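Hi,

Here is the structure I promised to pass on. Please have a look, and my notes follow below it.

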Amino acid sequence: MDANQMVEGAFQELEQGLKCALEGLTPEELTWRPNEGANSINLLFWHISRAEDIWVSEYALKRPQTFERGGWAAK
């Protein structure tokens, strides 16, 4: 197994785990915060997605992040 296969496998496992964890949650559950200083599940998922975008786009593919290419940053 080379490094690319290892990274791809790790991201596939992460995606599968996230899908399983988020399946069936309501919008209220996704935005709920246990206290004022805590993040919601939605925000935590966003952070994970952004980190993946940075690693895959910038470091692996050597191209601008999808977040920037797709105009999401401006929104």
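This is a predicted model: local features need pLDDT of at least 70, side-chain atom pairs count only at pLDDT 80 or more; totals for chains, interfaces and linings use all residues.

Residues are numbered from 1 along each chain as its sequence is written, and side-chain values use heavy atoms, without hydrogens and water.

Helix 1 (residues 3-22) packs against helix 3 (residues 41-60) at about 165°, with the axes 13 Å apart. That makes the two roughly antiparallel (angles over 145 degrees). In their contact (heavy atoms within 4.5 Å), Phe11, Leu14, Leu18 and Leu22 of helix 1 meet Ile41, Phe45, Ile48, Glu52, Trp55 and Val56 of helix 3. Nine of these residues are nonpolar, none is polar and one is charged.

There are two aromatic pairs (ring centres within 6.5 Å; planes under 30 degrees apart are stacked, over 60 edge-to-face, the rest tilted). Trp46 and Phe67 are edge-to-face, with 6.2 Å between centres and 75° between planes. Trp46 lies in helix 3 and Phe67 in helix 4 (residues 66-69), so this pair ties together parts 21 residues apart in sequence. Trp55 and Tyr59 have ring centres 4.8 Å apart and planes at 50°, so that pair is tilted; both lie in helix 3, four residues apart, about one turn of the helix.

As for accessibility (buried under 20% relative accessible area, exposed over 50%, partly exposed in between, with a 1.4 Å probe and protein chains only), Trp55 is exposed at 55%, while Tyr59 is partly exposed at 45%.

Best wishes

Terms used
Axes are lines fitted to C-alpha atoms, for helices over the stretch in contact, and angles run from 0 to 180 degrees between N-to-C directions. Angles under 35 degrees count as roughly parallel, over 145 as roughly antiparallel, 65 to 115 as roughly perpendicular and the rest as oblique. Ala, Val, Leu, Ile, Met, Phe, Trp, Tyr, Cys and Pro count as nonpolar, Asp, Glu, Lys and Arg as charged, and the others, Gly among them, as polar. Rings of Phe, Tyr and Trp (its six-membered ring) pair if their centres lie within 6.5 Å; planes under 30 degrees apart count as stacked, over 60 as edge-to-face and the rest as tilted.
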